[in-house]
Amino acid sequence: MTKKDIGIALWVILLWSSNLIVQKIAVGCLSVFVLSFLRIAFVLPLLFLYPKPPKNLWKYAVCGFFVSALYLILFGLGLKMIGAGISAFVLQLQVFFAILCCFLILGEKPTWYQTIGIFMSCIGVYFMKANSSPADFPMVGVLLLIGCCFCYGMGIAFSKKYKVGGSIADITWMSVTAVVPLLFTCLVVEGPVETVDMIVHIPMLGLFCVLYATVVSTIWGASLWLSLLQRAPAPAVVSFTLLIPIFSNILSNVILGETLSHIQMVAGFMIILGVMLAQGLHQYIPVFTYWVKKKVA
């Protein structure tokens with residue numbers, strides 16, 4: 001990766017980390033269901049830029065149902081109960097559910113280091129739960145975040161099966177297909193009158209959060225990330241996602257005043273090490289060590 005590529009990767013990670021803080025603020029002033037619907041509804045104008053790709057629409061609908069509809073709802077509900085910093089660590093479990101779902105749906109058998117990584121991260125989550133108060137780490141909130149990680153894994157598995165999701169056009173259509181189920185959920189849970197009232201009288205802070213999440217984080221961040229994956233080795237690019245919990249905790253401390261205990265930080269880094277092992281990044285340690293020695297010399 002060139003210096004420019006590294007800078008772009010770090011910028012995208014900063015965008016995604018700040019989005020977690022923005023979403024934490026958003027769930028405090030908006031209904032989770034209305035927030036999820038608006039995040040996807042704001043993607044609709046992109047249909048004029050990206051005509052339907054040459055794949056069956058139902059394939060996008062299946063992927064979008066998991067990774068755009070169910071994911072956003074469970075993520076919002078979980079984030080409303082748990083701090084942004086701790087949530088960033090728990091959301092790293094997305095990697096393991098992607099491995100699990102690809103095994104169940106595609107028959108891709110996990111390697112030994114992926115299995116060890118899953119076990120290590122589960123221990124990290126356990127220690128984080130054991131050393132957190134029920135108010136900071138409620139079980140219901142944990143289960144909701146784990147549920148959204150499972151939905152992410154299902155979405156990844158189906159996107160690989162149907163070969164969709166590799167472009168902004170695919171992401172746009174996966175998101176658009178989730179508009180109907182999200183709107184239906186709003187009408188059922190919140191009611192038609194309440195839903196329209198919340199959308200019409202949305203506070204400026206809530207509108208900013210929705211626009212930031214949609215335009216800055218999802219569209220801009222995803223386009224930069226996909227272009228980076230096309231010209232740089234995937235393992236090198238993916239490894240930067242391990243910085244999201246670190247960036248998120250720094251931002252949550254500065255903006256929201258959230259803090260983690262030393263044991264919670266150790267448990268969080270245990271989760272990160274498990275993810276690193278599951279992604280096979282340990283294989284690049286000798287290369288990284290050689291690069292550092294060469295730079296120092």
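The legends below describe close-up views of a predicted model.

Residues are numbered from 1 along each chain as its sequence is written. Local features were taken only at pLDDT of at least 70 and side-chain atom pairs only at pLDDT 80 or more, while totals for chains, interfaces and linings use all residues; side-chain values use heavy atoms, with hydrogens and water left out.

**View A. Packing of helices α2 and α3.**
Helix α2 covers residues 32–41 and helix α3 covers residues 57–81. Helices are DSSP runs (H or I, at least four residues), numbered from the N terminus. The two pack at an angle of about 135°, and their axes are 9 Å apart. Axes are lines fitted to C-alpha atoms, for helices over the stretch in contact, and angles run from 0 to 180 degrees between N-to-C directions. The pair α2 and α3 is therefore oblique (under 35 degrees is roughly parallel, over 145 roughly antiparallel, 65 to 115 roughly perpendicular, and the rest oblique). The crossing of α2 past α3 is right-handed, that is, the near helix is turned clockwise from the far one by less than a right angle.

Ten of the ten residues of α2 are buried, where buried means under 20% relative accessible area, exposed over 50%, and partly exposed in between (1.4 Å probe, protein chains only). Among them are Val32, Phe33, Arg39 and Ala41. Leu72, in helix α3, is also buried, at a relative accessible area of 9%. The C-alpha atoms of Leu72 and Val32 are 8.4 Å apart in space, against 40 residues in sequence.

**View C. Met81 and Pro138.**
Met81 belongs to helix α3 and is partly exposed, with 35% relative accessibility. A distance of 7.2 Å separates the C-alpha atoms of Met81 and Pro138, which are 57 residues apart along the chain.

**View D. Crossing of helices α5 and α7.**
Helix α5 spans residues 94–106, and its axis comes within 7 Å of the axis of α7, crossing at roughly 45°. This angle makes α5 oblique to α7. The crossing of α5 past α7 is right-handed.

The loop between α7 (139–162) and α8 (168–176) contains Lys163. This residue is not a glycine, yet Lys163 has a positive phi of about 60°. Lys163 is exposed, with a relative accessible area of 64%. In α8, eight of the nine residues are buried, so the helix is largely enclosed by the rest of the structure. The buried residues of α8 include Ile168, Asp170, Trp173 and Val176.

**View F. A nonpolar surface patch.**
Ile25, Leu205, Phe208, Ile250, Val254, Ile255 and Leu256 make a nonpolar patch of about 640 Å². Patches are made of residues with over 30% relative accessible area and no salt bridge, with like charges joined within 9 Å and nonpolar side chains (Val, Leu, Ile, Met, Phe, Trp, Tyr) within 5 Å. A salt bridge is a side-chain nitrogen of Lys or Arg within 4 Å of a carboxyl oxygen of Asp or Glu. Accessible areas come from the Shrake-Rupley method with a 1.4 Å probe; for residues, only the protein chains shown count as cover. At least two patch residues come from each of α11 (204–231) and α13 (244–256), and α13 gives the largest share, four residues. Val254 is located in α13 and is exposed, at 64% relative accessible area.
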